[in-house]
Amino acid sequence: MRMKKVLVLLGVAASLMACESLNYVPPVTPQMAGATTGRPTDVATLRKGRTLLVHRCIECHTLPLLWHYKTEDWPEIVNSMAHRASLKPAEQDAVVAYILAVRSQK
Amino acid sequence: MLILFLTLPATVAIAGVRHFGYVYEAVTTAPGSLDIENWVTWSHTSNPQRVDGVDFRHEFEFGITENFQASLYVADWFYSADPQHSGFTYSDSALELIYNLTNPVIDPIGLAMYEEIRAGDRVFELESKLIAQKNIGPLILAYNVTLEAAWEGTGLQDREGELQQALGASYEISQRLSVGFEMLDEFVFPEWRDTERIRNFFVGPNVCFRHRNWFVTVTALAQATNTPDEADFQLRTIFGIGF
């Protein structure tokens with residue numbers, strides 16, 4: 001009986017870990033920095049943007065799928081919530097850069 | 001308190017939204033941010049006699065670093081309406097510290113450590129909590145395990161321990177609205193003994209609405225056990241606002 005409970009818990013844990021497709025915030029790669037067009041950026045900025053995205057944005061809401069909104073809408077979306085998330089201008093730019101870099105990979 | 005308001009930096013922003021009324025989340029608030037939250041909890045007890053009470057908490061929540069936040073509960077007070085005595089009473093003030101260890105989005109499980117020190121009129125309490133959270137798309141799952149030690153009464157001679165588990169789920173229906181449920185499982189140890197075998201279990205729904213720089217979260221819990229002197233029903237509202 002105890003083993004059955006452990007197996008159920010392990011199954012739930014494995015399911016949660018397998019849900020990364022619903023939390024699509026992939027780690028930064030050098031290819032991402034190279035793929036951004038029009039907005040030159042670097043790996044360090046993208047890493048900072050990813051860290052801020054998963055810390056600050058989820059204080060108020062869950063993360064939407066990054067392709068749910070148009071590329072040109074993202075700067076304004078982030079800007080509209082930057083004050084609430086205590087994002088400074090450079091941090092705001094880093095978050096937008098990361099989102100656009102991820103989108104450019106799709 | 002006036003000095004505190006006047007010395008706040010003009011750039012201060014709203015801190016996080018609470019999606020749950022009773023369950024804590026592992027996410028800490030942004031450094032430099034401030035949130036003021038007012039808690040109101042109405043409870044109704046009928047066993048062994050009918051008692052209605054309303055608890056009030058006023059919390060100032062500060063983001064210290066990216067992973068560390070502190071809260072000051074300036075005054076916890078309550079109104080009680082029972083056959084023997086009715087009226088308002090100051091209870092205590094408290095300091096709460098939360099340190100975030102891992103992130104609920106990019107790590108397998110988001111974890112945080114919680115410590116609360118509460119002191120007041122004939123009460124001293126220590127509360128330690130491990131907070132676990134996982135965000136799966138629009139769903140937030142959170143679990144807390146809490147160990148509480150309280151000293152109460154004249155000379156603080158009455159001791160009580162409590163072990164509590166809390167589980168909550170909150171689903172984001174829209175950008176502004178989330179709904180879910182919460183459950184509490186309590187093991188109470190008067191004088192740190194389990195001779196009375198006191199077990200309480202509460203379960204009920206929650207709803208969270210947020211807009212601009214404010215949010216409101218409401219959770220209603222009903223007791224599924226039948227423990228004397230424990231609330232049959234409790235309703236908690238948390239209203240948070242940033243400046």
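Trainee: Which helix is included in what covers the buried residues of helix 4 of chain A?

Mentor: Good place to begin, and keep in mind that this is a predicted model. Helix 4 of chain A spans residues 74-82, and its buried residues are W74(A), I77(A), V78(A) and A82(A). They lie on the same side of helix 4 of chain A because they cover an arc of only 135° around the axis. What covers these buried residues includes helix 5 (89-105) of chain A.

Trainee: Let us turn to chain B. What is the nearest side chain of opposite charge to E125(B), and how far away is it?

Mentor: E125(B) sits in strand 6 (residues 123-136) of chain B. Its contacts, not counting residues up to four places away in sequence, include E116(B), I117(B) and E148(B). E125(B) is buried but has no salt bridge. A salt bridge needs a nitrogen-to-oxygen distance within 4 Å, and the nearest side chain of opposite charge is R118(B), at 4.1 Å.

Trainee: And which side chain of opposite charge is nearest to E148(B)?

Mentor: E148(B) belongs to strand 7 (residues 139-152) of chain B. Leaving aside residues up to four places away in sequence, it touches E125(B), E160(B) and W192(B), among others. E148(B) is buried and lacks a salt bridge; the nearest side chain of opposite charge, 6.4 Å away, is K129(B).

Trainee: How many bridges join strand 9 of chain B to strand 10 of chain B?

Mentor: Strand 8 (residues 158-172) of chain B pairs with strand 9 (residues 177-190) of chain B in the antiparallel sense over 13 bridges, and a hairpin of four residues joins the two. In this pairing Y171(B) stands opposite V179(B). On to strand 10 (residues 198-211) of chain B, where F201(B) is the bridge partner of D185(B); strand 9 and strand 10 of chain B run antiparallel, and the bridges between them number twelve.

Trainee: Now for the two chains together. How much area is buried between chain B and chain A?

Mentor: The contact draws 36 residues from chain B and 23 residues from chain A. In chain B, E66(B), V105(B) and I106(B) lose the most area to chain A, together 22% of what that side buries. Carbon and sulfur atoms give 57% of the area buried between the chains, which is about 2400 Å².

Trainee: Which side chains meet in the salt bridge across that interface?

Mentor: The rule finds one salt bridge across the interface of chain B and chain A. It has an N to O distance of 2.8 Å, and the side chains that meet are E66(B) and R56(A).

How values were computed
Residues are numbered from 1 along each chain as its sequence is written. Chains are lettered from A and ligands numbered from 1 in the order in which they are written. This is a predicted model: local features need pLDDT of at least 70, side-chain atom pairs count only at pLDDT 80 or more; totals for chains, interfaces and linings use all residues. Side-chain values use heavy atoms; hydrogens and water are left out. Buried means under 20% relative accessible area, exposed over 50%, partly exposed in between (1.4 Å probe, protein chains only). The arc is that of the directions from the helix axis to the C-beta atoms. Contact means heavy atoms within 4.5 Å. Lys and Arg count as positive and Asp and Glu as negative; His and the chain ends are not counted. Two strands pair if DSSP finds at least two bridges between them. Buried area is the accessible area (1.4 Å probe) that two parts lose on being put together, summed over both.
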